[in-house]
Amino acid sequence: MRNQRQIVDYALQRRALLAGVRSGRVGDLEVCDASPYLLRAAKFHGRAGDQPCPMCRTREPLTLVSWVYGDELKHVSGSARTPDELARMAGVFGEFTVYDVEVCRSCHWNHLVQSYVLGTGEQPRTRPRRTAGQ
């Protein structure tokens with residue numbers, strides 16, 4: 001996306017977590033805990049990543065799922081969206097945050113990859129509030 005801003009990359013956190021798993025400080029079940037809702041979103045809204053799963057190392061690449069949050073989104077907030085939907089939303093809404101999560105549909109590994117803000121950058125138009133006297 002060309003209008004991403006406020007990008008936060010969680011690669012260092014991911015690396016530290018995997019080091020904890022390999023050293024035995026963190027159990028496999030603690031990191032392979034994707035919820036059924038996340039797994040379903042990966043199946044229907046996810047896109048294939050380019051890396052194998054760091055836990056089970058299956059031939060199937062990780063699936064990336066994009067979750068959107070924002071006040072302006074109303075009922076759409078908190079849902080998974082495809083890249084095409086994100087592109088359309090970026091041209092319609094002023095500002096919303098996208099969280100990209102990698103998911104392994106085999107062993108249920110999941111981790112936040114990055115977050116960023118999309119949108120036109122314009123403030124949403126609000127109508128003046130009416131009071132009881134008006």
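Buried here means under 20% relative accessible area, and exposed means over 50%, with partly exposed in between (1.4 Å probe, protein chains only). Helices (H or I, at least four residues) and strands (E, at least two) are DSSP runs, numbered from the N terminus. This is a predicted model, in which local features need pLDDT of at least 70 and side-chain atom pairs count only at pLDDT 80 or more, while totals for chains, interfaces and linings use all residues. Residues are numbered from 1 along each chain as its sequence is written, and side-chain values use heavy atoms, leaving out hydrogens and water.

**Helix α3**
- Leu38, Leu39, Ala41 and Ala42 are the buried residues of α3.
- They sit on the same side of α3 because they cover an arc of only 160° around the axis, taken from the directions from the helix axis to the C-beta atoms.
- Pro36, Lys43 and Phe44 are exposed on the face turned away from that buried side.
- The cover over the buried residues of α3 includes β3, β4, β5 and β6, where contact means heavy atoms within 4.5 Å.

**Helix α4**
- In α4 (residues 83–92), the buried residues include Glu85, Leu86, Met89 and Ala90.
- Their arc around the axis is only 140°, so they lie on the same side of α4.
- Asp84, Arg88, Gly91 and Val92 are exposed on the other side of α4.

**Strand pairing around β6**
- β5 and β6 pair antiparallel over eight bridges; strands pair if DSSP finds at least two bridges between them.
- β1 (residues 5–9) also runs antiparallel to β6, joined by three bridges.
- Val117 in β6 is the bridge partner of Arg5 and of Thr97.
- Six residues lie between β5 and β6 in their hairpin, and His108 in the turn has a positive phi of about 75°.
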